[in-house]
Amino acid sequence: MKVLTEEYEQHNFYEEDKFLQKILKKYMTSDMFSYADKNLREFGQRAAGPIDERAVHTDREGQPRLERYDKYGEEVSRVWVNEGYKQTVKETYETGIVGYVHKNIPELGEKGTYTYSFAQGYLLSQAEPGFYCPVTLTMATAYLLDHYGGEELKETYLPHVLATGDMELYEGATFLTERQGGSDVGANVVEAVSIGEDYYLYGEKYFASNAGMCGVAMVLARMEDSKEGSRGLSLFLVPWEGGNIRIRRLKDKLGVRAVPSAEVEFTGAKAYLVGEADRGFYYMMEALNLSRICNAVASLGIMRRSYTEALLYADGRNAFGRRLAGFPMIQQTLQELRMKLEKETAAVFEMVQLYEKVTNGTASFEEEALNRLLIAIMKKETAEKSIEFAHEAIEMHGGNGYIEDFVTPRLLRDAQVLTVWEGTANILALELLRLINKYEAHTLFIKMLREKSTDGMEKRIDGMEERLLRFAGLEETEKELEAKSLMKDMAILFEDVIYEQL
Ligand SMILES: Cc1cc2nc3c(=O)[nH]c(=O)nc-3n(C[C@H](O)[C@H](O)[C@H](O)COP(=O)(O)OP(=O)(O)OC[C@H]3O[C@@H](n4cnc5c(N)ncnc54)[C@H](O)[C@@H]3O)c2cc1C
């Protein structure tokens, strides 16, 4: 049997992925593509080599640790991370994975695109999906600051959030979830107390990823006398070094161990209002759409790694005197994985094109609603599939697949969170209902499918139209009960339509 790990060190996640290259070529201008192609080649090699190696260490022995007190007994709430992880952080941000979405790429004299950033995220997630969480949080922070921050706030913090090695990096964070509710953000009680022009936060956030590592956190809090529910939430930027933030503990997690996820207590932390008061929830929901795309991209990364690991193993392992890859059932599994992976990759990057329009302000109101719908169905489908792919990769390896010497157990552990954070399947189903009830997004979905489809798809689209119209007329409870299976079928049809026209 071949020694798979040694072989892997020579791999390049980008160079070997002809399908990704095809997709990027389709969606990028030729200048952008030549730049991306060159840089992704480098990053693809780094991700398959040192970043992957460091990720193993971080997951096993090098997990983040909380240093609650210093040697004099003073409370410091610092988070320790290993040196390899720090190197991965440095190298990844220097590629412009966050920065170049908002600022010019010096070589090109123009801004990069989300498409390029997500291609980087896809490669990164094949090695270190845990760290793609802080990258996602930094992207969300950059989005919020860039779109809604006042001039002074932007001037002070945005260049650091967008740093590409040119200045000190401030990673971001987004703190919404409290003990009484993550899905139900309107139940948030963290308080913003104003003294003169200044704000100070008090209260606890129960899941706060990148705590201790971030330079700034974007936090939802309630001002005194604000309305109840989500309409009374404002968005604040909190500089981590501003003090009066205590980390109670780091969560002991099943996977994504690279990212420190903490319980955080604000004890009068200095905070700066972002945008208009009481609009925080709406701003955060916009950022959540971005994070959901990142979630889909991370899912694709895990799917791709699971597929390549399964393929390599099947190629190197013998059973009953034959290579595994020669058995019909093995071939069938690999073929099914490859097809689904390609379809989902195509569908996600197609969705990203609409997102580019939404974020550069050229999308119509209808396109914005359609974009939200696609994000909801694709976040759900890709997250669920990433778990299935990791499971298949384990099975392909037989007993070895279950052993931590191989990457397969980590893939499954890391995939498992993707169905939870950034909105569970039920919460995404409620988003579908909202979009159908309020914006008739189902009709926009059908219209888009008809525009993009080839002739052979007509019958299936007719069938989906009929189903969606019937669904839109159901009672709310009936809708809720059918929504998730409907979303799955919508995702599959969307994927097939996009794949057909490639
Ligand atoms: C590793 C990790 C890191 C995280 N990092 C962050 C972070 O950095 N910042 C942050 O803000 N949050 C973070 N979270 C929190 C995460 O976003 C929430 O866990 C998630 O939104 C679910 O909220 P909850 O845990 O309160 O579950 P709940 O909201 O209590 O949900 C429990 C179950 O009930 C279901 N449910 C809830 N409401 C309904 C309904 N109306 N109809 C049907 N079903 C419903 C849900 O789908 C879920 O299955 C993190 C979570 C994890 C696991």
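The following legends describe close-up views of a predicted model.

**View A. The second largest pocket, with a volume of about 700 Å³.** Its lining comprises 31 residues, and those closest to the centre are Gly212, Met213, Cys214, Trp240 and Glu241. β2 (75-80), α4 (83-94) and β10 (245-250) are the elements that each contribute two or more lining residues. Domain 1 (4-161) and domain 2 (174-278) each provide at least three residues of this lining. By class, 14 of the lining residues are nonpolar, 8 polar and 9 charged.

**View B. The contact of helix α9 (residues 280-316) with helix α11 (residues 365-396).** The two axes come within 8 Å and cross at roughly 25 degrees. Because angles under 35 degrees count as roughly parallel, α9 is roughly parallel to α11. The crossing of α9 past α11 is left-handed. The contact holds 15 nonpolar, 6 polar and 4 charged residues.

**View C. The largest cavity, with a volume of about 110 Å³.** Of the 14 lining residues, Cys133, Thr136, Ala298, Leu418 and Trp421 lie nearest the centre. Two or more lining residues come from each of α7 (129-148) and α9, with α7 giving the largest share, 5 residues. Domain 1 (4-161) and domain 3 (282-500) each supply at least three residues. The lining consists of 9 nonpolar, 3 polar and 2 charged residues.

**View D. The second largest cavity, with about 40 Å³ of space.** Among the lining residues are Asp59, Glu128, Arg257, Arg410 and Asp414. α3 (30-60) and α12 (408-415) each supply at least two residues, and α3 gives the most, with 3. The lining divides into 3 nonpolar, 2 polar and 5 charged residues. Domain 1 (4-161) and domain 2 (174-278) both give residues to this lining, so the second largest cavity lies between them.

Definitions and conventions: Residues are numbered from 1 along each chain as its sequence is written. This is a predicted model: local features need pLDDT of at least 70, side-chain atom pairs count only at pLDDT 80 or more; totals for chains, interfaces and linings use all residues. Side-chain values use heavy atoms; hydrogens and water are left out. On a 1 Å grid over the protein atoms alone, a cavity is a set of points where a 1.4 Å probe fits but cannot get out, and a pocket is an open set with protein on both sides within 12 Å along at least five of seven lines; lining residues have an atom within 4 Å of a point. Grid points are joined across faces, edges and corners, and a volume is the space filled by probe spheres set on the points. Helices (H or I, at least four residues) and strands (E, at least two) are DSSP runs, numbered from the N terminus. Ala, Val, Leu, Ile, Met, Phe, Trp, Tyr, Cys and Pro count as nonpolar, Asp, Glu, Lys and Arg as charged, and the others, Gly among them, as polar. Domain bounds come from an automatic or database domain assignment. Axes are lines fitted to C-alpha atoms, for helices over the stretch in contact, and angles run from 0 to 180 degrees between N-to-C directions. Angles under 35 degrees count as roughly parallel, over 145 as roughly antiparallel, 65 to 115 as roughly perpendicular and the rest as oblique. A crossing is left-handed if the near helix is turned anticlockwise from the far one by less than a right angle, and right-handed if clockwise.
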